Amino acid sequence: MISAFARHACLPDKRRFRNRQGTTLRESWFFIDLPRTPYGEALKLQRRLVDARRTARLARDIVLLTEHDPVFTLGRHSAAEGYCTGKSPAMREGIPVVAVERGGNITYHGPGQLVVYPIVALHARRLDVRTYVSLLEETMIRTALHWNIPAERNNVNPGVWIGARKLGSVGIALRRGIAFHGFALNVSCTPEPFNWISPCGLKGIAMTSIAQEARAPVTVDEARIVVHHHLADIFSVELCPADMPAIAGMGTF
Amino acid sequence: MKEISELNLPDDIHYAEDHEWARWEDETIKIGIDDYAQDQLGDIVFVDLPQPGSRFEKGEEFGTVESVKAVSELYIPLSGEIVAINKDLEDSPELVNHDPYEDGWMIEIKPDDPREYEQLMDKRTYLEMLKGLE
């Protein structure tokens, strides 16, 4: 159901193929639709997949889609003061704060937010970092458009916005040419935890969600389907399901 | 991204597969990232370098560079002790983009084993490796 947009035959690992009619077929990525996953577990999985991709035990790029339990994460160069407002409500609520290797500043992840982690060998795709980040933003913009929400980039601040309201965030890391981390799109999450921090180091901005902008209930599972479709389109790939045993069977773990 | 034929790759330095360069300066070796890497990363806004006196084994992460919303790890191409870092990068990280081999150098090391320099790639070998990435 979730991969309804991506039910095409999955191809072997080479880059481009031509079928008998001479039509160019697409390269394929694996995807894993994870249920709601604690941040630390998803991070461990990402790091293992990066290592497997780097050593070619994993022969294709792969994308993880998930939701997290509530967590604040700090980018590599985040100042801890981004996590503010005196009373430390995050600690009061018992929400953990995790420092990670991605770019960008402090942010919040939680239920109702779709988190997408493409693990992509950028060199092999001849993608520079700026282009890659803009393609991730484009994926969020087109997803929002599915609900007629006119999200856009902001020249000063990365991520996607509706005016001064932020809908989605981007932060990536590069390890030996492999990009990981990715983007977080607010689908139906409550904006409240964002008020406890200065998301991405920005003050005086509001966070919003697809459901809030569409004034309609939208679920993360609906957003997964739309993101699948646009990821495949924007990166010109077929998305092929890789369940965890299959990944384990490749000798990844 | 630049075409491989457009890259500025000096002849008098050696290259590592993660796109760092190394150059002999009398008794020490200067290290930075090359034109391919700076072009791929885009505008660099932050460079994080180690303290002088610290030691790294070949291939270990010695620092990071941040471009817009992306942090990239840096790997030392030879084992050794850091004897100096380029402090100008603290206020002017864009030097890495504008002049990766001179003003944009990152660290200077005293190598444990000078022979490791010879094991790095010369320009011709490095160019072949880049062509193989495509």
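Trainee: Let me start with burial: what percentage of the residues in chain B is buried?

Mentor: Keep in mind that this is a predicted model. To judge burial, count the neighbours around each residue: it is buried if 20 or more other C-beta atoms lie within 10 Å of its own. In chain B, 37% of the 134 residues are buried.

Trainee: And how many helices and strands does chain B have?

Mentor: There are 5 helices and 9 strands in chain B. Their order along the sequence is β-β-β-α-β-β-β-β-β-α-α-β-α-α. The radius of gyration is 14 Å, close to the 14 Å given by the globule rule for 134 residues, so chain B is as compact as a globular protein of that length. For its extent, look at the C-alpha trace, which spans about 35 × 35 × 20 Å along the principal axes of chain B.

Trainee: What share of the contacts in chain B with a separation of 6 or more comes from residues 24 or more positions apart?

Mentor: Such residues account for 62% of those contacts in chain B.

Trainee: Now to a sheet. What is the strand order in the open sheet of 3 strands in chain A?

Mentor: The order is 6-5-7, and the pairing is mixed. At the edges, each pairing on one side only, are strand 6 (97-99) and strand 7 (107-109) of chain A. On average, neighbouring strands of this sheet are turned by 30° against each other, direction ignored.

Trainee: How many bridges join strand 5 to strand 7 of chain A?

Mentor: Strand 5 (residues 71-74) and strand 7 of chain A run antiparallel and are joined by 3 bridges. For one pair to find on screen, V71(A) has H109(A) in strand 7 of chain A as its bridge partner.

Methods:
Residues numbered from 1 in each chain as written. Chains lettered and ligands numbered in written order. Predicted model: local features only at pLDDT ≥ 70, side-chain atom pairs only at ≥ 80, totals over all residues. Helix = DSSP H or I, 4+ residues; strand = E, 2+ residues; numbered from the N terminus. Rg over C-alpha atoms; globule rule 2.2 N^0.38 Å. Buried ≥ 20, exposed ≤ 12 C-beta atoms within 10 Å, placed from the backbone. Contact = placed C-beta atoms within 7 Å. Pairing = 2+ DSSP bridges. Axes fitted to C-alpha atoms, helices over the stretch in contact; angles between N-to-C directions.
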